[in-house]
Amino acid sequence: MPLITGRGIVKRYGSFTALDGVDLDIDHGITGLLGANGAGKTTLLGMILGLHPVDEGTIEVLGHDPRTAGPEIRTRLGYAPEHHTLPPDVAAVDFVTHVAELHGLPGPEAATRSSDALWLVGLAEERFRPMGTMSTGQRQRVKLAQAIAHDPRLIMLDEPTDGLDPVQRDEMLRLIRSVSERYQIDVVLSSHLLGEVEQICDGVVIIGDGRTLVQGRLDELRAGSAGVMVELDEPVEVVEALARRLETVGVPSTNDGRTLVVSGDDELVFDRVRDEVAAAGLAVHRLHRRRLSLEDLFLDRLG
Ligand code: ATP
């Protein structure tokens with residue numbers, strides 16, 4: 001059963017429609033929730049947490065409806081919001097303890113877990129410092145610590161690398177991956193950066209124009225988009241004729257000028273293409289496997 005499912009989710013702010021029929025299936029592992037700034041990622045996370053209701057459609061989180069079971073869901077969920085709203089005068093350890101208590105842990109256990117979580121994110125030394133004296137990277141780590149301190153099943157991290165330089169960004173992504181693997185915590189990570197999602201995520205949901213543009217496990221999306229690229233040094237009519245020949249031997253393709261894209265990349269498809277090209281005596285500029293990046297997939301779906 002997926003951790004989170006959503007069907008036809010609509011959210012309006014007055015006359016503005018932020019989400020207009022989003023479908024979601026979020027599974028175990030790390031899932032990237034991708035979208036441009038303003039695409040509705042934070043809005044969606046808020047609805048998953050049960051903080052604001054959907055206007056239309058349904059959401060189910062860990063088998064519950066967030067409209068009626070918000071408190072139950074929030075005991076099993078950790079959340080790190082995007083904006084830096086940490087109280088500046090409070091020590092990190094006191095803040096994380098407080099959040100763990102809000103999640104239902106008794107005081108002494110919350111304090112122990114808070115220290116453990118801060119140690120885990122690399123802030124053992126700094127945990128007694130007021131958060132206002134911390135760097136952006138340290139504050140992002142505090143936000144991760146408060147999301148995991150109560151031992152949740154699933155954490156939702158809204159733009160956890162916001163404000164970090166490339167080195168800190170990589171460290172943060174590695175930390176999230178290691179926390180997820182070591183403690184078997186599933187993660188939903190919102191981001192507007194395709195590269196960062198590609199780097200650590202197992203699955204992806206891309207939203208845009210209020211809808212779901214692409215979703216699924218990254219390996220399956222990539223496999224589904226595999227193909228063979230045939231770049232020919234021939235006039236377009238000759239390329240079109242080759243496409244027809246390939247069609248007759250059961251290898252459909254699409255052409256883009258002088259390049260043919262043939263779906264599927266198993267050896268059989270490769271051999272058929274090679275044989276037909278050789279039989280027609282065509283000049284091949286390049287014959288190679290197509291491997292689509294997430295960016296290609298995204299652009300492909302946007303048309
Ligand atoms: P970002 O990464 O920039 O925060 P996002 O993908 O998280 O973007 P949201 O913050 O969910 O996007 O916002 C989606 C859209 O809804 C935006 O156009 C935003 O201006 C609008 N919006 C969000 N909250 C409200 C609100 N309370 N009232 C009116 N409009 C809102």
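**Around the ligand**

Guide: Start with the make-up of the shell around the ligand: five of its residues are nonpolar, five are polar and three are charged. Keep in mind that this is a predicted model.

Now see who comes nearest. The ligand has 13 residues around it, and the nearest are Gly-38, Gly-40, Lys-41, Thr-42 and Thr-43.

Next, ask where the shell comes from. Helix H1, residues 41-48, supplies at least two of its residues, and so does strand S2, residues 16-26. H1 gives the largest share, with three residues.

Then go down to single atoms. Look at Thr-43: an N or O atom in its side chain is 2.6 Å from an oxygen atom of the ligand. Glu-82 also uses its side chain, where a polar atom lies 3.0 Å from a ligand oxygen. With Ala-39, the backbone takes part: one of its polar backbone atoms is 3.1 Å from an oxygen atom of the ligand. How much of the ligand does the protein bury? Alone, the ligand exposes 630 Å², and the protein buries 60% of that.

Before you leave, visit one more residue, Gly-227. Find Gly-227 in strand S10, which covers residues 227-232. Gly-227 has a relative accessible area of 0%, so it counts as buried; the cut-off is under 20%. Now compare sequence and space. Gly-227 and Phe-270 are 43 residues apart along the chain, while their C-alpha atoms are 9.1 Å apart.

Terms used: Residues are numbered from 1 along each chain as its sequence is written. This is a predicted model: local features need pLDDT of at least 70, side-chain atom pairs count only at pLDDT 80 or more; totals for chains, interfaces and linings use all residues. Side-chain values use heavy atoms; hydrogens and water are left out. Helices (H or I, at least four residues) and strands (E, at least two) are DSSP runs, numbered from the N terminus. Buried means under 20% relative accessible area, exposed over 50%, partly exposed in between (1.4 Å probe, protein chains only). A residue is near a molecule or strand if one of its heavy atoms lies within 4 Å of it. A polar contact is a pair of N or O atoms within 3.5 Å; within protein, one must be able to donate a hydrogen and the other to accept it, and residues adjacent in sequence count only if both atoms are side-chain atoms. Accessible areas come from the Shrake-Rupley method with a 1.4 Å probe; for residues, only the protein chains shown count as cover. Ala, Val, Leu, Ile, Met, Phe, Trp, Tyr, Cys and Pro count as nonpolar, Asp, Glu, Lys and Arg as charged, and the others, Gly among them, as polar.
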